[in-house]
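Open the model in a viewer and keep the sequence panel beside it. The stops below say what to select and what is found there.

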Amino acid sequence: MEWLDSFWATYSTLVLSVGTNILLALSIYLTLACGLLTVANAAFMGIGAYAAALLTINGGIPFFFTITAGALLPALIALVIGRPTLRLSGVYLAMATLAFGEVVRILILNAESITGGALGLNGIPLLTTWFDVTLAVGVTLYVLLRLAHARIGRAMTAIRQDEVATELMGINVRAYKLFSFVLGAALAGLAGALNAHFTFFISPNEYGFERGVEILAMGVLGGATSPWGALIGAALVTLLPELLRGLGHYRSLINGVILIVIILYSPKGLWELLQFAMRRPRPSTTT
Amino acid sequence: MLTLSSVSKHFGGLDVLQDINLTIPEHGIFGLIGPNGAGKTTLFNLVTGLLTPNAGAIEFFGQRLEGRRPYQITRWGVARTFQNIRLFKEMTALENVLVAMVDETRYGTVRALMRWPGYRDAEQRERDAARGLLARVGLVEKAGHQAGTLSYGEQRRLELARALATRPKLLLLDEPAAGMNAAEKRELMSEIVKLDENGLNIMIIEHDMGFIMGLCREIVVLNFGQIIARGSPAEVRANPQVIEAYLGSDGDAVSSPKQ
């Protein structure tokens with residue numbers, strides 16, 4: 001098993017990143033599935049990462065509770081800002097959540113005494129194991145797949161297609177939207193908390209606009225119609241740059257071109273394309 | 001059953017509905033007609049909570065509706081179809097109906113997660129009920145088809161099945177026969193008559209006079225946001241004001257309100 005040890009030594013961070021990125025992609029899948037374009041996920045990830053890292057550094061709390069706190073805090077914040085914000089739709093909602101992300105980043109940057117400001121937090125113990133990440137991804141995926149095929153999943157799909165008609169079918173559209181937003185924030189926070197404990201170091205700029213766009217890319221490329229889409233999108237966006245490492249200077253360029261080609265030829269995401277290729281009808285709940 | 005008292009609605013400077021007083025008794029099919037822009041759909045939107053009146057009160061079986069959220073009003077028993085069809089086009093016909101089904105089994109999200117005993121049975125019962133509704137509008141063979149791929153007449157019938165899934169006490173139909181051929185219209189009429197016989201209260205907006213005169217016990221005529229006539233089909237047809245609203249009076253051809 002020597003090769004496995006050396007593989008793990010080199011690539012452990014990458015493998016764990018695929019896991020946390022899947023959680024991030026699932027977090028944006030939740031809102032995209034309701035037709036909501038929110039880009040606050042990077043900020044929620046940052047809140048989770050800082051909350052968990054600070055708990056670990058200041059000591060004494062079991063890792064499980066640290067991670068739970070990292071998921072709960074962003075969920076609470078989402079609950080507070082969600083009510084007024086989710087009345088917006090389309091690009092206006094995107095703008096509002098973008099602004100929220102900037103506020104969070106600047107707050108972390110300026111709360112130097114707690115967060116270390118621009119220098120970030122250094123020396124976070126490496127507590128996250130592959131088992132933690134696998135468990136988190138596994139449980140999340142199971143729950144979201146179940147929900148997707150239950151009443152709640154149907155309601156979310158209906159909201160994405162026609163919000164007004166859904167409301168008139170007796171469905172509390174605002175409650176469903178808030179639920180997706182809050183659960184999405186919890187998942188992003190969970191990803192951030194796990195991520196902080198295998199990267200050794202976190203800084204405010206990791207949770208800025210670029211990260212937000214990256215998360216959105218994972219969700220859209222994979223496809224927002226199924227949790228499987230998020231999984232595929234996250235794996236692709238994380239692994240592609242590594243596979244292209246041999247290209248040297250041209251790496252980012254080729255990476256970008258590939259993503260553009262995918263979105264041009266598969267605007268509904270890779271998951272839909274895959275299903276089409278396998279000539280399988282959509283996994284409709286019809287029996 | 002449904003009472004509108006002094007209801008007004010304006011968009012900016014445009015008075016769409018002015019001081020509407022209307023009481024609709026229980027049982028029977030009720031027609032709402034009038035030229036384009038008379039405020040018929042706005043009235044439906046006020047009753048279903050999509051719009052809030054600027055003044056006045058709306059009461060449904062003693063329950064005040066104005067200012068309530070649409071989903072709440074639906075749960076109290078008001079369902080509707082739309083003038084421009086609003087199905088969930090990328091879902092199957094069956095799924096469209098399932099979205100609207102009343103969750104009477106109370107199998108919740110937690111049970112769905114845990115695959116609680118009885119969850120599958122409850123789900124199966126719900127599917128059977130949804131199929132029953134599709135059968136009622138003659139769409140049971142199309143249950144697995146995407147709603148967007150159905151023909152125009154089928155889409156209208158699917159909208160009807162979906163509205164019925166919410167278990168309404170009052171059904172609002174906004175131009176249900178629009179775009180249907182003669183045979184489809186006849187079928188729809190007999191279906192509406194059946195719903196009426198089962199005790200459902202029905203209100204119809206429709207431009208097809210044969211359709212509306214044949215079905216309705218009573219008709220209200222709206223013009224420029226005001227009620228200009230109310231009565232049986234025969235009375236409304238003979239009312240000079242109604243004729244004027246639709247055709248314009250002699251020597252008034254140029255300023256006719258109809259377009």
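Start by selecting domain 1 and domain 2 of chain B, where six residues of domain 1 are in contact with five residues of domain 2; contact here requires C-beta atoms, placed from the backbone, within 7 Å. On the side of domain 1 of chain B that touches domain 2 of chain B there are two nonpolar, four polar and no charged residues. In this classification Ala, Val, Leu, Ile, Met, Phe, Trp, Tyr, Cys and Pro are nonpolar, Asp, Glu, Lys and Arg are charged, and the others, Gly among them, are polar. For the selection, domain 1 of chain B is 1-78 and domain 2 is 81-168 + 185-197, bounds that come from an automatic or database domain assignment. A distance drawn between the C-alpha centres of these two domains of chain B reads 26 Å.

A note before going on: this is a predicted model, in which local features need pLDDT of at least 70, side-chain atom pairs count only at pLDDT 80 or more, and totals for chains, interfaces and linings use all residues. Residues are numbered from 1 along each chain as its sequence is written, while chains are lettered from A and ligands numbered from 1 in the order in which they are written.

Next, colour by pLDDT, the predictor's confidence in each residue from 0 to 100. Chain B averages 88, and 92% of its residues score at least 70. Select residues 253-259 of chain B: the pLDDT is below 50 there, and the stretch has ten contacts in the model beyond near neighbours in sequence. Where pLDDT is low, the predicted coordinates should not be read in detail. For the complex, the predictor gives an ipTM of 0.88 and a pTM of 0.89.

Now show both chains. 25 residues of chain A are in contact with 26 residues of chain B. On the side of chain A that touches chain B, α6 (130-149), α7 (151-161) and α8 (163-167) of chain A each supply at least two residues. Which helix gives the most to this side of chain A? α7(A) does, with seven residues. By class, this side of chain A holds twelve nonpolar, eight polar and five charged residues. Helices (H or I, at least four residues) and strands (E, at least two) are DSSP runs, numbered from the N terminus.

Turn to the largest nonpolar core, which has 153 residues. A nonpolar core is a set of buried Ala, Val, Leu, Ile, Met, Phe, Trp, Tyr and Cys residues joined through C-beta atoms within 7 Å. Buried means 20 or more other C-beta atoms within 10 Å of the residue's own, exposed means 12 or fewer, and partly exposed is in between, with C-beta atoms placed from the backbone. Helix α9 (residues 173-199) of chain A supplies the largest share of this core, 15 residues. Domain 1 and domain 2 of chain B both give residues to the core, so it lies between them. Among the residues with the most contacts inside the core are Leu24(A), Ala25(A) and Val97(B). Select Ala25(A) to find, among the residues it touches, Ile215(A), Met218(A) and Leu231(A).

Back in chain B, select the open sheet of four strands, ordered β2-β1-β4-β5 with antiparallel pairing; strands pair if DSSP finds at least two bridges between them. β2 (14-24) and β5 (63-64) of chain B stand at the edges with a single partner strand each, so one side of each has no neighbour in the sheet. Seven bridges join β1 (residues 2-11) of chain B to β2(B), where Leu17(B) is the bridge partner of Lys9(B).

Then select strand β9 (residues 218-223) of chain B. Five of its six residues are buried, so β9(B) is largely enclosed by the rest of the structure. Four parallel bridges link β3(B) and β9(B), with Leu32(B) opposite Val220(B). On β10(B), Val220(B) stands opposite Arg230(B). β9(B) and β10(B) form a hairpin with two residues between them, and Phe224(B) in the turn has a positive phi of about 50°.

Finish at His27(B), in the loop between β2 and β3 (29-33) of chain B. His27(B) has a positive phi of about 70° although it is not a glycine, and is exposed, with 12 other C-beta atoms within 10 Å.

Technical notes:
Contact = placed C-beta atoms within 7 Å. Lists of a residue's contacts leave out its neighbours within four places in sequence.
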